[in-house]
Amino acid sequence: MITVIRDVEVYSPEYLGKKNVVVVGNKFEGIYDEINIPSNFIEIKIIEGKGKLMFPGFIDAHVHILGGGGESGFSSRTPEIKFTDLTKAGITTAVGCLGTDNVCRDGKALVAKAKSLDVEGITTYCYTGSYSIPVKTVTESIKEDLMMIDKYIGVGEIAISDNRSSQPTYEQFLDVIAQARVAGLLSGKAGVVNIHVGSGKRKLDMIFRVLKETEIPTTQLMPTHVNRNTELFEQGIELVKQGGYIDLTTSSDPNFLEEGELSASEGLKRALDTGINMNNITFTSDGNGSMPKFDENGKLIGLGICSVSSLYNEVKRAIKEQNVPIEIAVKVITSNVADLLRLGNKGRIISRKDADFVLVDKEDLSITDVYAKGEALIEEGRIIKKGIFE
């Protein structure tokens, strides 16, 4: 099957101008200024791109695909994600993780859910482990999980500075990072440690200690929820200045905002204004995770649920409300994530990479079309493909 997206403004995510993009099978074949489309050749599908922008398919590197939560008992467990929850949000690649609960949800079930989403039509990966240290793995070790199970590309989300964490010592925390580092090298994967950072007073202290006292590179660490308060965000800016990455969570609820919490779009604008390396900032949704609110004594006083739709919504807000350039805003859910997680076939509209792309209306930036590996999932706002049980 050959597909031509004609006369569309392409963000690769770098702006390429108005182009004609050719997809052959599940890969981008090329990007052309002009193209002659033969009339009596094999079947060619034409997508008119006039009035639209073309972005790489979105990567959400922190999704509770099995559901999350449980902080208020069994009835507060959030549900598994649906295939179209992801595709309607423009997400063509998702990384699944566990959260607080590693008893009623485990790594085997996580991998099974990821595989089912693959069959339905997107690309998935997973982190081994959960909030807790020692890490509860599928095999005998972190190293073996990453080396022998294709879906696993890192560890997480490990919780620090949070009343729900296992309160690991520095040595325990460092051991997990060291294992992930070596496992990544041996398996050819990222070996990234996705680190849930709570609102505790220690903030990123253990991360800075790792960077100061060891040879482990800053790119081995992916601290998330860094926009949960201003002081934590400022530490995150310092981490980026030292070559590290920070991840801003897009899901928020006005009823559960922490004091000083920044929206991801506001955080992106502040980061841009500081002049730091914008390639080292990512957005994730925390989709289908719980959104708990605790009082100063650690008592749960409210509970919401995170949405994957927030991922692109915050990118849109960054562009339209914060005046962040489109190609910078789009990078935080495409190429920046692909580079950090070493997803070589994702995150860019370039020849030979997977044909994952999203078309949006040029005026209001609303999603109109979503394709994953060359296959139409949404066309002109109409869902073409659903999950097996939807």
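Gly198 is buried, its relative accessible area being 2% (buried denotes under 20%, exposed over 50% and partly exposed in between, for a 1.4 Å probe and protein chains only). The structure is a predicted model, in which local features need pLDDT of at least 70 and side-chain atom pairs count only at pLDDT 80 or more, whereas totals for chains, interfaces and linings use all residues. Residues are numbered from 1 along each chain as its sequence is written, and side-chain values use heavy atoms, with hydrogens and water left out.

Gly198 is located in the loop between strand S10 (192-197) and helix H5 (205-213); helices (H or I, at least four residues) and strands (E, at least two) are DSSP runs numbered from the N terminus. Beyond its neighbours within four places in sequence, Gly198 is in contact (heavy atoms within 4.5 Å) with Ile160, Ser161, Asp162, Arg228 and Leu232.

Strands S2 (residues 15-24) and S3 (residues 27-32) pair in the antiparallel sense over 5 bridges, pairing requiring at least two DSSP bridges between two strands. Val24 has Lys27 of S3 as its bridge partner. The two strands form a hairpin with 2 residues between them, and Gly25 in the turn has a positive phi of about 65°.

The axes of helices H6 (residues 230-241) and H7 (residues 264-274) come within 11 Å and cross at roughly 45°, where axes are lines fitted to C-alpha atoms over the stretch in contact and angles run from 0 to 180 degrees between N-to-C directions. The contact involves Thr230, Phe233 and Ile237 of H6 together with Gly267, Arg270, Ala271 and Thr274 of H7.
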